[in-house]
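Welcome! Please take a moment with the sequence and the 3D structure shown here before reading on.

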Amino acid sequence: MYDVIIIGGGVIGLSIARELASKQLKIAVLEKNSDIGEGASKANSGIVHAGFDASFGTLKARLNLRGSTLMPKLAKELDFEYLNNGAMVLCFSENEKPKLEELLARGLKNGVTGLEILSQAEVNKKEPSINENVKYALYAPSGAIVCPFNLAIAMAENARANGVEFFREKKVIIIKKNNTCYFILADDGTSFEAKVIVNCAGIFADEIHRLVSSIPLTLAPRKGEYLLFDKTVGNTVKHTLFQLPTEYGKGVLITPTVHGNLLIGPTALDIEDKAGVDTTGDGLETVLKKAAESIKEIPRREIITSFAGLRANSGQGDFIIAEVSDSPGFIDVAGIDSPGLTSAPAIGEYVKALIADILPALDNPHFVSKREGIKPGNNEVICRCETITKAEILAAIQRTNELFKNPGQISLDSIKRRVRPGMGRCQAGFCTPRVAELIAGELGINETDITKSGRGSEILMGLIS
Amino acid sequence: MKAELAIVGGGPAGMASAVAAYEKGIKNILIIERDKKLGGILNQCIHHGFGLHAFKEELTGPEYALRYIEMITEREIPYLLKAMVLKITPADGKTPHLLEVMTDDQGLFAIEAKAVILAMGCRERPRGALNIPGYRPSGIYPAGMAQYFVNIKGYLPGQKVVILGSGDIGLIMARRMKLQGADVKMVVEILPYSGGLVRNIVQCLDDFEIPLKLSHTIIGIDGINRLKGVTVAQVDENLKPLLKTAEYIPCDTLLLSCGLIPENELSLSAGISIDEKTGGPVVNQRLETAVRGIFACGNVLHVHDLADNVSIEAAAAGEAAADDIITGVISDWGEAKRPKAAPKTRYTPRANLSLANQLVCIGCPASCVVTVEKEKDDSLTITGNACPVGEEYARKEVTAPARNITSLIRVIGGENNVVSVKTTDGIPKDKIFACLSEIGLTAVSAPVKAGDVLIENVAGTEVNIIATANC
Ligand SMILES: Cc1cc2nc3c(=O)[nH]c(=O)nc-3n(C[C@H](O)[C@H](O)[C@H](O)COP(=O)(O)OP(=O)(O)OC[C@H]3O[C@@H](n4cnc5c(N)ncnc54)[C@H](O)[C@@H]3O)c2cc1C
Ligand SMILES: Cc1cc2nc3c(=O)[nH]c(=O)nc-3n(C[C@H](O)[C@H](O)[C@H](O)COP(=O)(O)OP(=O)(O)OC[C@H]3O[C@@H](n4cnc5c(N)ncnc54)[C@H](O)[C@@H]3O)c2cc1C
């Protein structure tokens, strides 16, 4: 019997797991994929939003600001990449200036510090690559960028080190409540019991919710598509450049990434398929067209990949974080769309407080808040584009293995998110066979069993005959 | 560590430049190679088509590499393996060139050199550069990576294959996958002509009736875990897809053969200027880059079709570097020159050969169109060939067509699962698959040496199968 079971190993579930680990609770995270962090948490802009977007008084506004404030310290504590590069919202005409002023006012009300509206000349000075027709910009010095992969992984590893148990390939399909606890059944036939359930299933949180509650909740996927550019053009911009928000969200942005690439996107399109993470010709064209409004030149030749992520849109305009009224001990953390990544640390704290009321517990005296990342190695280079050594890859394999309580495989993408082989300009053309060989060797399996991203995505069909 | 001449890359370019510099009297050479073997890309090019110029015989890639490896060993030219050069800081008049090298056994260290030859080869263009929308399942590979998986590791990446891009690697891999029993559905090329050598179209596609779809491209990728299919459509003159022509092709593998890019990140680290057009360093007549004492040759300079040309160019670079080291004089930087890529014959689809009695000679990359006329006395009059090879090929092609075949044989207890092999002579075209099934049923124990006869009289053809590499 667990005290708390968290369904969904995205950045939200992981942050909650890490926060709860500081209490004397028996905790497990159930994740349906072969690794944590493969949902929305791996396909977003990686922006730490300053906090001027959300309406005053919402949970979103509060948790965004708190998350953005916590992030720098957390980055040090958990050793993931964070860069306070500052953000700007660009305004292209005099007519739109009132909208910029509205953002400024909202930001100030939300408690964001350092905001100011810059003139064209001031913008140009800070960001020379900007288009000539930019008239003003709202400057947010607290805007920052993080590595979304390592943020999630770091929280998971730290939670694990503090006793949280992680289970992979456990898709929750049935939840039953009896007098004392919840009974949870996963698709592989295994079952779990818990006093408290935290539903962090991302875009699928409505389906998990419906397993226990009759109160309506629906989440609709809103797709965002991106283009990623080579590091050679990573310094095209220094700040994260937004355009004025529309009813669909924050619009297409241009930003450097913490690893020195250039990223543009996302689009915002309501779709039906919750697995629809495909990019589209139209979507990518839109991204290129919109981004071209912000800066002088988009270095199209340096595109290395494209990807898409799905926001969980509840239609309610705010995060839904509460114990479900018809299901005591069942907490929804749903509709966590942008700025969910930014808010994650704050959501962790918030849910910890909610659970303290339901299931009081003492502090965990052995809690260690620090985690160290994988250091650069000093032997054979396996990924030539990102200069990743064998030592780093072996460390990533070992850590992934140690994270999970149940046996399972490690995919190429899992290693890629941890230490970046295949993230570079050749997009794994060179290192795939080499990383596959290392994983197979470490796990004592055949190379033909290696997958790109979990079961069903095997990369090879067998030995030649 | 110190060397008079440091050579980055141990492919045909690096090795040929080392040999040439050695012959000029430079003995203190160091070749730095990041792979676990010398030979570069040639180790995975198990097909024929190398050495016609350099050795006056038709060799496979591994055999061509072995010839140079032997020259390196005979001369005892030192080399490092599993060692990657990460950065070059050029000489500044007081200090020599400084190479930062990461090695497997000794970690990071520096190498000082009087002269440096860049011979890093090239890499394949990734999918992102092609901007194909869709999902990102497994089963989409650069053709060269698939070639590595098949030819070096002995694994089949998939069974139902579509190839995008008709560059040479794509064509060669179409045949390779076919010979390994895969169903190769088509090669899709966005341009109205192929980027590959004509002989490769003839012997890799036409021989196996693999369709080449010119002016077509891929506009959709289907499959969430593993690839399930692609959508292929024709394009208009502006290369825009015509959606009406879209056709769904079920497949589990998509190989991308959309061009090679010289690998010049290292050159950039040394402040060497790169030519926009070739993607390689700007060099003078002596193959010296804009940084004095640093030379470039082979695919890092511009993408070559032929390894033989790489060797010739590399020898010139090796000699120039040797001259500089010997005289101690640094050359005057002559006028910057853009390296010339050899002109290419463009593929004419077979249907366009004007007469039924014309064929393309596959004897060498010149790909002559040869006409065969049957005279009244049954003798053949052959015209259009530039050399005797064409005449002999055409005569055989109309009487008893034959092909040299390269493939792989399973090795037990070797460093890899397979060793590359070839037929010692042409076998009748209609015996190709009989020959392959015999190869498929054969397994040998390590060690195997290049030249070892692994199957005698394969499929009753009186031709032997020999190894073309060591394993
Ligand atoms: C395009 C886009 C751009 C964004 N940009 C930003 C940004 O720049 N800054 C920012 O702050 N936020 C951003 N966000 C928001 C942020 O990415 C999300 O809010 C955050 O990742 C949500 O995390 P999550 O853990 O709720 O969801 P997810 O990461 O989707 O995790 C949910 C997990 O639950 C698992 N799961 C689902 N069903 C089951 C089941 N039945 N059993 C077990 N496990 C299950 C899934 O496999 C998944 O791992 C963006 C989002 C998108 C889509
Ligand atoms: C599929 C294919 C088919 C071909 N078919 C034919 C054919 O039929 N006939 C023909 O004549 N030619 C053919 N070629 C062309 C020929 O193989 C190449 O032109 C030739 O191999 C290029 O030689 P290179 O030495 O410049 O490059 P490579 O062979 O690529 O060698 C470069 C070497 O440098 C190493 N390296 C790179 N960077 C570093 C670094 N930083 N530190 C250390 N080492 C480094 C690499 O590991 C590699 O070993 C073919 C090529 C391909 C890819």
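Predicted model: local features only at pLDDT ≥ 70, side-chain atom pairs only at ≥ 80, totals over all residues.

Residues are numbered from 1 along each chain as its sequence is written, while chains are lettered from A and ligands numbered from 1 in the order in which they are written.

**Cores**

- A nonpolar core is a set of buried Ala, Val, Leu, Ile, Met, Phe, Trp, Tyr and Cys residues joined through C-beta atoms within 7 Å.
- A residue counts as buried if 20 or more other C-beta atoms lie within 10 Å of its own, as exposed if 12 or fewer do, and as partly exposed in between, with C-beta atoms placed from the backbone.
- The largest nonpolar core has 169 residues, and those with the most contacts inside it include Leu5(B), Ile29(B) and Phe295(B).
- Helix α8 (residues 307-327) of chain B gives the most to this core, with nine residues; helices (H or I, at least four residues) and strands (E, at least two) are DSSP runs, numbered from the N terminus.
- A second, separate core has 127 residues, among them Ala28(A), Ala61(A), Val277(A) and Ile331(A).

**A covered helix in chain B**

- Helix α4 (residues 143-153) of chain B has ten of its eleven residues buried.
- Among these buried residues are Met145(B), Tyr148(B) and Phe149(B).

**Where the chains touch**

- Chain A has 39 residues in contact with 44 residues of chain B, where contact means that the C-beta atoms of two residues, placed from the backbone, lie within 7 Å.
- On the side of chain A that touches chain B, two or more residues come from each of α7 (281-294), β18 (303-313) and α11 (432-443) of chain A.
- β18(A) gives the most to that side, with five residues.
- That side of chain A divides into 15 nonpolar, 18 polar and six charged residues; Ala, Val, Leu, Ile, Met, Phe, Trp, Tyr, Cys and Pro count as nonpolar, Asp, Glu, Lys and Arg as charged, and the others, Gly among them, as polar.

**Around the ligands**

- Ligand 1 is surrounded by 40 residues, and the closest include Gly10(A), Gly39(A) and Gly340(A); a residue is near a molecule if its C-beta atom, placed from the backbone, lies within 6 Å of it.
- The shell around ligand 1 has 17 nonpolar, 17 polar and six charged residues.
- Ligand 2 has 37 residues around it, and Gly9(B), Gly11(B) and Gly121(B) are among those that come nearest.
- In the shell around ligand 2, 19 residues are nonpolar, twelve polar and six charged.

**Strands**

- In chain B, three strands form an open sheet in the order β14-β15-β16, with antiparallel pairing; two strands pair if DSSP finds at least two bridges between them.
- β14 (216-222) and β16 (247-250) of chain B each have a single partner strand, so one side of each is left without a neighbour in the sheet.
- Strand β15 (residues 229-234) of chain B is joined to β16(B) by four bridges, and Gly229(B) stands opposite Pro250(B).
- In chain A, four bridges join β15(A) to the antiparallel strand β16 (residues 262-265), with Gly265(A) as the bridge partner of Leu253(A).
- β15(A) and β16(A) form a hairpin with five residues between them, and Gly260(A) in the turn has a positive phi of about 95°.
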